[in-house]
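Take a look at the model below. Keep the sequence beside it as you read.

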Amino acid sequence: MAQDLQNAVAHLYGVPLDAFVAERTRLARALKAAGDRDAAAEVARLAKPSAAAWALNHVAREAPEAVAEWADAAAALRDASTRSAQVGGDTVRAAMAGHRASTGRLVGAVRELAQPSGRPLSPAMVDRVASLLRAATADAGLAERLQAGCVTEEPAPAAVSPPAAAASPAEVASPPDGPARDREDEARVERRAELERRERRAELEHNERDAAQAVERLRDRLARRTVAAQAAEERLEQARRTLLRSESEAAAAHDAVKDAEHAATVAIAELDGLRAQLRQIS
């Protein structure tokens, strides 16, 4: 695999999901303009990753240690499973437990780090990530592409497949050349674009359903909070009326105290006057 093709593949599978198609077209055209028609054709055939595959590719770049840990656990499980008679049931069960734990950690990392198209992964997409990991556990080649950050959920073309043994000249058919190959490449790219349009439509429809459900939940929450706010307003108004009554009663009581104090003062003065008269008579 030419170095420029390797670089193009690594770069392409690292771009944001929404930019994949445009970037693939740009890279293919650039390679073709540079005279590398084979590399251009390989890039044009690269499949756009699903949201789940993109999430795994993203984590392979952002947290390679998590993917490497999972890959080691998957390899250990494959080895123990194929040699169960030799290694024994305890070893197989230990490999299964280690693989299960590393898968859980990797799925957690994907949920935390990956947001294809700027949106958190839905529960269905998280389930798809787990399904891809199960497939990669059984398929060492897929596990290798996962570590390289080039998972697509489709059989990988030569540009992203692990190296294979070289075939003999008799086993390799000569590819069409010139205009015929260009037409084949264009037809292949068009078919791929149509599939991706369908996938994008399905993804948008799924997101639209999620958004509609979220809006409905928010409307229900708004209705409940509106009712609660109205009840709180009524309680506040009742408290205000109670406070006004209390203030009025307090004012009346204060006035009554003043009247009582005045009456007491008058009575004391009358008493003093009567005592003075009694002293004069005595």
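Predicted model: local features only at pLDDT ≥ 70, side-chain atom pairs only at ≥ 80, totals over all residues.

Residues are numbered from 1 along each chain as its sequence is written, and side-chain values use heavy atoms, with hydrogens and water left out.

Start with the whole chain. It has ten helices and zero strands. Both kinds of element are DSSP runs, numbered from the N terminus: helices are H or I with at least four residues, strands are E with at least two. Of the 282 residues, 29% are buried. Buried means under 20% relative accessible area, exposed means over 50%, and partly exposed lies in between, using a 1.4 Å probe and protein chains only. Now consider contacts, meaning heavy atoms within 4.5 Å. Among those between residues at least 6 apart in sequence, 71% join residues at least 24 apart.

Go to helix α1, residues 3–12. Its buried residues are L5, A8, V9 and L12. Seen down the axis of α1, they fall within an arc of 95°, so they line one face of the helix. The arc is that of the directions from the helix axis to the C-beta atoms. What do the buried residues of α1 pack against? They pack against α2 (20–33) and α3 (37–45).

Next comes α7, residues 89–113, which holds H99. H99 counts as buried because its relative accessible area is 11%. Its side chain makes a polar contact of 2.8 Å with that of T137. A polar contact is a pair of N or O atoms within 3.5 Å; within protein, one must be able to donate a hydrogen and the other to accept it, and residues adjacent in sequence count only if both atoms are side-chain atoms. Leaving out residues up to four places away in sequence, H99 also touches W70, A73, A74 and L77, among others.

Helix α8 holds V129. At a relative accessible area of 1%, V129 is buried. Beyond four places in sequence, V129 touches A52, L56, V107, V110 and L121.

Move on to α9, residues 140–148. Here G141, L142, A143, R145 and L146 are buried. The buried residues of α9 pack against α4 (51–62), α5 (64–82) and α8 (123–138). D139 caps the N-terminal end of α9, with a side-chain oxygen 2.9 Å from the backbone nitrogen of G141. After α9 comes G149, with a positive phi near 75°.

The loop between α9 and α10 (178–281) contains E153. Is E153 buried or partly exposed? E153 is partly exposed, because its relative accessibility is 28%. E153 and K48 are 105 residues apart in sequence, yet their C-alpha atoms are 9.0 Å apart.

Finally, look for empty space. Rolling a probe the size of a water molecule over the atoms shows where it is left. There is one cavity of 30 Å³ or more. Y13, G14, V15, W54, N57, H58 and R61 line the largest cavity. On a 1 Å grid over the protein atoms alone, a cavity is a set of points where a 1.4 Å probe fits but cannot get out, and lining residues have an atom within 4 Å of a point. Grid points are joined across faces, edges and corners, and a volume is the space filled by probe spheres set on the points.

Terms used
1 Å grid on protein atoms, 1.4 Å probe; cavity = no way out; pocket = protein on both sides within 12 Å on 5 of 7 lines; lining within 4 Å.
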